[in-house]
Amino acid sequence: MKRIIYFIALSTLVCGVSTISGCKKNYLEKPFGVSFNEDSVFARYENAQKLVFDMYAHRPYYLFLNLGSGNGARLQGSLLECATDFGCSFRLQPAYGTHKFNAGTVDAEWLSNNPLGEDVYGNHYKTIRIAFTLLERIDEVPDAPASVKERIKAEAQTMIALEYFRLMFRYGGVPLVKSRLNPGEDEVNLPRSPLADVYNYIIEMLDAAIANPGFAARYDGLEFGRLNKAFAYGLKARAALWVASPLFNTATPYMDLPGHNDLICMTNYDPQRWQVAAQYAGEAINYCETNGYAIVNTPDVNLNYTISYQYRPNQGNTEAIWATMQETNPPMTTWNPRGAPFSGHMANMPTLNLVAKYQNRDGSYVDWDQPVVTPPNDPTYPYKNLDPRFNQTVMYNGLEVYPGAFFDNYDGETAALHGKNGPAKTSSQFAHLVRKHVFGYEDRAITKKTWQPLCMQMRLTDLYMTYAEALNESLPAPDDRVLTKINAIRARSGMPGIPAGLSKDEMRTRIQDEWAIEFAFEDYRFFDLKRWKMGDVFKGPIYDLRVIKKTDNSFVYTKYKYEDRPFFEWYYLHAFPPSEVNLKYGLVQNPGW
Amino acid sequence: MTMMLASSYHASAQNGFSLSGQVLDEEKLPLAGVSVNLKRKSSGTSTDNSGKFRLAGAQVGDTLVFSHIGYNTFEQAVSNGGSIQVVLTAMNTSMNQVVVVAYGTQKKITVTGALTTVKGTELAKSPTVNLGQSMVGRTPGIIAQQKSGVPGGDDVSIRIRGASTFAMNGEPLVLVDGVERPFTSINAEEVANVTILKDAATTAVYGIRGANGVILVTTKHGSSGKPSISFTTNVGIQKPTRLPKFVNAYDYAVLYNEAQRNDNPNATPMFSDEDLQQYKDGSDPLFHPDIDWVDFMMKKSTPQTKNTLAISGGGKLAKYFISLGYIHQDGLWKEFNKRYGYSNNTTYRRYNFRSNVDFNVTKSTVFSLSLGGYTDKNHTAGNPYYQIQNTPSGITPGLINDQIIINTNITARNPIPEISKGYDERFTNQFNVTADLNQKLDFVVKGLSFRSKLGYDSYYRTVLSRDVSRATFTPVFRNINGQDTLILQQLNDEFVSGVNSQTFNNRSKRVYLEAALQFDRSFGKHKVGALALYNQNKQYWPSNGSYTVQYPEVAIGYLGFVGRMTYNYDNRYLLEASVGRNGSENFPKGKRFGTFPAVSAGWNITNEPWMEKLLGPKTALSLLKVTASYGQTGNDKLIGENPATRGNVYYRFMYLPSVYEFQNNRVYFGEDMTGYQGVVEGQMGNPEITWEKAVKKNLALEVGLFDNRFSARADYFTDNRDNILYQKPAIAHVAAAIQDVYNIAKVENHGYEFELNWRDEIGDLRYSIGGNYTFARNKVIENGTPESPQNQLGNSLDQSYGLVALGFFNSQEEADKWMLQYASKSTPGDVKYRDVNGDGKVDQDDFVPIGFPTFPEINYGANLSLQYKNFDFSLLFQGAGNVSRVLSGFMQKPANQFGTIWDIVKEERWTPENAANAKRPKLTASYANSINYHNSTVWIRDASYLRLKNVEFGYNFSHSVLKKIGATSSRLYVSGQNLVTWDKLKVVDPEQEASNSLAYPQLQIFNIGLNVQF
């Protein structure tokens, strides 16, 4: 026994001694081969391509269809239209980001530096950094052909332009980084550049990308979703439209920013800018139409609209220029109607302000100012003749959403009740529900069909509208070229054309309404209202319908004012994140914030 | 521990015989003034200056009692007359106590640094399962916060002398028997003592890892003698200290309608008059129920048991201590899933074992082999606390005929599915081996010795789980035969899975090696000590539940060298110098090693010969000692936010540049929509990175009065951190790079500690009373971020910032007259904020520090113990001050998304009628208006508290009883934990960290225990 112990003791002793002698030099060194650095990225095309993919990590995406799952769902799943006169997010779910706009309590840090806010200022520069890294080093990749490298360069340039555009329409002039910055070596405390410089740099980058023969007009199949030359053309038009529009195309900005007005406007009014926008839009349309793009125009006027923003090219969507994607089969609960069989939350609801903009198929309007009484058992009576795009955009009381499933969204004539599992308009708040983007998939829970929502970023009709608007503004009175473009959009959805002979101002209103309807809930209206400097529209009043089912099974639709909303003039441009301004390197905050 | 060394006796006459003897202390020096009494008589005698005594009138069967202040009382049965020699052992409070220090032990009188020791017996008084909790309040300088009382998940976060660095990087180093190990799962009955090292003098030898203080846990070892068997059993009842109180269904409906009306007077109220009536009269228990969910789901109390069997003893060859422990702790949930064959309650079982054996291999060689560890089983089902707080009382009746009822009209909530979703069983095995070799090398140089230590730990965890998804039903009316008939329509299918086994963060291994040469020798009154030590530490497969580790496949390594010199002249002048030289993998070559020196000195003034001349021989002053220390320690650890995943990550190899990581699904492309992997640029690496530096000073004064019946110690300390590793010095977003880790921040921490004790006896009553008090305040001097109202330097690390509320607007006119707040106009019932910077508007630029830090600046404890004949009694009070709680979540936002409403909201909310007493703004249902929910003084609450932490009342059975069962001693006791709490927070337990109280409650424990020794 004692010997054994002695043996163990001795070996411990030896152990102890050997630790001192054996104290290895590399004891604290990281073993070779664990790290993967930038040289490894550009050592093989397979890896470099992953950096190209990563450049898209912060791509624009506005269709977070359910409450933020913690991965940075913008606005926690409410559609930005709900911050305008067209919508309202479900009020009893405070997480929806658009409530802050409705209540006028937008706080700057949330707005522009929060993954659950409207924008993350720093992400734009992250993307720009990757794009410059690619431009700087993609030529080093040994196993990729030159044509692929050229394409990646054009893609990176288009991405830089896109990110500066996304910054420009939110913030005005921003710090202009034209290369990859290395903290410690390069100056990173850059001031804001004038708006005009940012715009010019956008055009410069896009022109460079367009001039690149390695850049194709479209990428379909597995590469659908990658930037392409058609988008570069289209973005030129879109950027030009922005600087031509009233918000920027002026000598007197929406608020005075002493000494720095060049950061928030073009410093003069120049009607030429409308002509440039029209010209760029014309060039873009021409480039697209000679390279295989065409507006969707199947015989089915009740579906063309949906095809144009929801379908993929191989499903017949010929007008999608660029779209992004995020999720397969996202939960629909928050979007679904309340009550059986949907048991959803009615997260995003259109206001009557939007509904009233839809014309009947003969061009007339429904008179919502008077209570509408339906015949017994015919709840959809007032909606029957509306623009086919309405049915593809909005759910309304009595709609048979899919066979056997009716959207019952009314209150009983007597007291509303919890517990009889009846329809509960009270807890839904609004009479209408957004249907766009879920259209055709409402029965997903039953059919289990795969749903991969497409977040359309640019389609050919957008360029038509840009062209029409810019041309109308640059002419003394609209001509046939304006009408052709708009009416092509209306006709493919079965709507009559806008008559000739309207004045420039009348035409402007019609163009704005057409933007509103054709691009409803596609992230346009919030920024378009600002672009047109129509801030007062945000104020409402916001209208809804009260829907009462009478004991004789008829329905009464009564318009009522839901609320007024504030709009402050400083809302025209986003605030820079206060945390960034507080770094005190000289970043000028936008006025009012 | 008292020993009778020798006894000889003489026969005497019938009327008693006389006894004589000598009383010595442990160093065999005579003890004067020891009282020697015969138990049955009140009279006795005391020892003279040579420790001798003589006592007449003793008889066979008498018991002699030796007692002396500062020493353990010793009883000796008289079998015959004669001369006896008795050795009294000093109580541990005495200055003669030997204390554990870094890499060794020292006599307390010679200690020059700041450290405190808590005895295992003290810790064992707390009827808690977690050792960390037992330490709260017992000693100054240690601050522990317990976040939850859930069985198996009730860990405490510990800071020594407050925080001096950011968040999780401030945790102290914990060593169990000299090896870095977790300690909270150790059975308190296995612990000899816990020592807390607080200043640079005591921690510099730990160098790069010592800055946050060090906790040394020493387990028990055997002592020579017959085998002694000790068995302890405890049975306790646990109850929540405090449970949340929510409004009933009727009040909820009324308040909800009020909230909705506040938001938009045009909106139709959620609850009609008919609804309200039904909630009020309870006429419709199906659709208008009124359920108190806390009561529905939780038991009033639940049991726990603790049992320990320990055997110790020793002979010539070996000494041993062997212990087995078993703990069982039940949770508070009621059972809802018996028919699925499992319990949904949370339970925790733990088996602890320890075997510490010391072999005397040769006369100069001791080899110790310590095996310790535990295996536990933590059974958890869902934690429905969140659901309970999210389910108002009027939504669903919960269960009908054991079927889960979901009413979808308002919100489809019910907490029962959460507790019914199956269970996890986590099995943990922790096995620690420590092998120590001590070889005296007196044959080489007198006083020289060599020792080495090998530590090997293994940790393994598996989880068995079972998923259950119970069917839910919704009540609907169907027209059957012309009658509205209620049926329960099934909403989803029932699903019960088999048992799955999963392992995650599941294993780790640690190998620790240490070798040292030590020299201790006296030259007359000069005592010299020296230590040279080398150690290395590698942890393989590092894992931690609360953060991920970069490069988990690479072992975490540390290297260290330690040197220490001590000099002591006559226990009067004390000098110590120590140095730690450590290397960390986190830093580049050349910056990898740090040298951390410390010096300290002490002066025992009472040992000066002139003191006796000055004060006379009968002075009340028995101890006067001053010590001072100064030195440097370091910290190499950074647990920060991973910018990509937003989780916490343990940074490693911080000098390595531009690491790219692969991440899946960074983008989706293709008509078929496929996710593509991206490669993400990581931190840029900082070739200049090096350790965080802590410069610590400590000044202490110790006073003993009346033969040390009164003792006191006061410390003043500073801990100035520089080069703090910090991950986000903000730079302009345009750089768009993930910033390096920098040595950039600077924090100053200072404070003081007091400890007072008085112990004495009055007749048979022995008592002691004591208290401790710690104040620590830190200030952020620099954090790499420009100063702004939201980042004001000079305040605590845990300081909250926000707006100053001036009250509430009581009318629209008042609101209109006020300036814009966050660029918006206010309405009555909104908070009116102060425009601190005077720029005519209220926004984040008006932030000021509000309230106290969220980590208490003041911590204190007070204890009382009494011993009378066979009875003993002890009390421990513990409290914290200068601490604020910021209300958040449910506490701040009632009725949020149909969440519940706390009872207190009824009184505190603003209404036109309650405007004068309002403490929170008007209710809102939509929370669309966020103006009232910015950080502000409205949401700050005083979280200071005082609580009766621990009470124990015991009875020691007399010898006559013990004889019958053959025991040597036996004690029966009752004890309690967290019995009374005095605080201002009222709504949740003041110690609970979660501000919105989404946690399992803190526990109150009533315990009864029995200890028998054979």
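This is a predicted model: local features need pLDDT of at least 70, side-chain atom pairs count only at pLDDT 80 or more; totals for chains, interfaces and linings use all residues.
Residues are numbered from 1 along each chain as its sequence is written, and chains are lettered from A in the order in which they are written. Local features need pLDDT of at least 70, side-chain atom pairs count only at pLDDT 80 or more, totals for chains, interfaces and linings use all residues, and side-chain values use heavy atoms, with hydrogens and water left out.

**View 1. Where chain A meets chain B.** Here, 101 residues of chain A are in contact with 103 residues of chain B (contact means heavy atoms within 4.5 Å). The buried area is about 8800 Å², and carbon and sulfur atoms give 62% of that; buried area is the accessible area (1.4 Å probe) that two parts lose on being put together, summed over both.

**View 2. A salt bridge between the chains.** Look for B:Arg666 and A:Asp54, whose side chains meet in a salt bridge at 2.5 Å, N to O. The count between chain A and chain B is two salt bridges (a side-chain nitrogen of Lys or Arg within 4 Å of a carboxyl oxygen of Asp or Glu).

View 3. You will find A:Glu38 in helix H2 of chain A (helices are DSSP runs of H or I, at least four residues, numbered from the N terminus). Because its relative accessibility is 8%, A:Glu38 counts as buried (under 20% relative accessible area, 1.4 Å probe, protein chains only). Its side chain makes a polar contact with the side chain of A:Arg180 at 2.8 Å; such a contact is a pair of N or O atoms within 3.5 Å, and within protein one must be able to donate a hydrogen and the other to accept it, while residues adjacent in sequence count only if both atoms are side-chain atoms.

Conventions. Helices (H or I, at least four residues) and strands (E, at least two) are DSSP runs, numbered from the N terminus. Buried means under 20% relative accessible area, exposed over 50%, partly exposed in between (1.4 Å probe, protein chains only).
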